[in-house]
Amino acid sequence: MRALLAAVGLFTVIPVRPFDVDRRAASRAMAALPVLGLLLGLAAGAVAGLLGWLTSPLLGAVVGLALLAWLTGALHLDGVADTADGLGSRKPADEALAIMRRSDIGPMGVVVLVFVLGLDVASLASLPTPALVVAALAGAVMVSRLAVTVATVSRSSARVSGFGALFVGVTSTATAVVNALVAALVVVALGWLGAGWRGAVALSAASLVAGIVARLWGGRLVRRLGGWTGDTFGSLIEVTQAAFLLSAAVATGALF
């Protein structure tokens, strides 16, 4: 529970009891981050599924994702936009990192935000049932946070200080493996509850694709920038989430 509260305090706008933000708290938060993702995804998915059933799938998807962005303070969306500006500059790593530190968002960041959110909305809206919308969004948010938990096994930091540097290297390999195994079981259960065996197959395939995308994207970021930052962790979450939802939409289209 302390680990979950640390994750809530660090990665959402939900108020919690004050605590010291240090490496120990960061380690706890990383261990509980996939659980937090599951809870956030269930909440946003429930809103998306219910509203989609009452009105239209498109409206439900937009409102569900808006709720998710609000609960997280749009922290990860800001990260993917800043990362896009840095990479899009085609500058050396130190100059790209300086661009990512700026408070404004450039045209590259805006374009990437539009496409990431557009993929999320379109993928959710294309799912065949409200129950599968709930299951897919819960799975996507959980798996995207798992990607960061796994990434923080790495000790490669692009900066010596900052929010992102606080989390680099705080996760043990054992913690990452346990989280990954539990998340895989949860994804299967979500898919089964959402749409039986076809849902389980679709979401399992989506999690596999999302995992591959996360590995490739994370490797690209570390090579290009010399390590992880808070912004690149955010971009990892958003890219992985979009890959999961897109893959879920394609898989369910083939199976249903």
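Over the ring of which residue does the charged end of R198 sit? The ring is that of F256, and the charged end of R198 is 4.5 Å from its centre. A charge counts as over a ring if NZ of Lys or CZ of Arg is within 6 Å of the ring centre and within 35 degrees of the ring normal.

This is a predicted model, in which local features need pLDDT of at least 70, side-chain atom pairs count only at pLDDT 80 or more, and totals for chains, interfaces and linings use all residues. Residues are numbered from 1 along each chain as its sequence is written, and side-chain values use heavy atoms, with hydrogens and water left out.

**Pockets and cavity**

On a 1 Å grid over the protein atoms alone, a cavity is a set of points where a 1.4 Å probe fits but cannot get out. A pocket is an open set with protein on both sides within 12 Å along at least five of seven lines. Lining residues have an atom within 4 Å of a point. Grid points are joined across faces, edges and corners, and a volume is the space filled by probe spheres set on the points.

| Space | Volume | Lining by class |
|---|---|---|
| Largest pocket | About 540 Å³ | 16 nonpolar, 6 polar, 1 charged |
| Second largest pocket | About 370 Å³ | 12 nonpolar, 8 polar, 4 charged |
| Largest cavity | About 110 Å³ | 7 nonpolar, 3 polar, 3 charged |

Here Ala, Val, Leu, Ile, Met, Phe, Trp, Tyr, Cys and Pro count as nonpolar, Asp, Glu, Lys and Arg as charged, and the others, Gly among them, as polar.

The largest pocket has 23 lining residues; A147, V150, G211, A214 and R215 lie nearest its centre. Helix 7 (130–151), helix 8 (173–225) and helix 9 (230–255) each give two or more residues to this lining. Helix 8 gives the most, with 14 residues. Helices are DSSP runs (H or I, at least four residues), numbered from the N terminus.

Helix 7 is mostly covered, with 18 of its 22 residues buried. Buried means under 20% relative accessible area, exposed over 50%, and partly exposed in between (1.4 Å probe, protein chains only).

The structure holds 1 cavity of 30 Å³ or more. Of its 13 lining residues, L68, A69, L77, E238 and Q241 are closest to the centre. Helix 3 (57–71), helix 4, helix 6 (107–125) and helix 9 each give two or more residues to the cavity lining.

**Aromatic pairs**

The whole structure has 4 aromatic pairs. Rings of Phe, Tyr and Trp (its six-membered ring) pair if their centres lie within 6.5 Å; planes under 30 degrees apart count as stacked, over 60 as edge-to-face and the rest as tilted.

F163 and F167 form an edge-to-face pair, 5.0 Å centre to centre with 70° between the planes. F163 is partly exposed, at 38% relative accessibility. F167 is buried, at 2%. Ring pairs link F11, F163 and F167 into a cluster.

W228 and F233 are stacked, because their ring centres are 5.0 Å apart and their planes are at 10°. Both W228 and F233 are buried.
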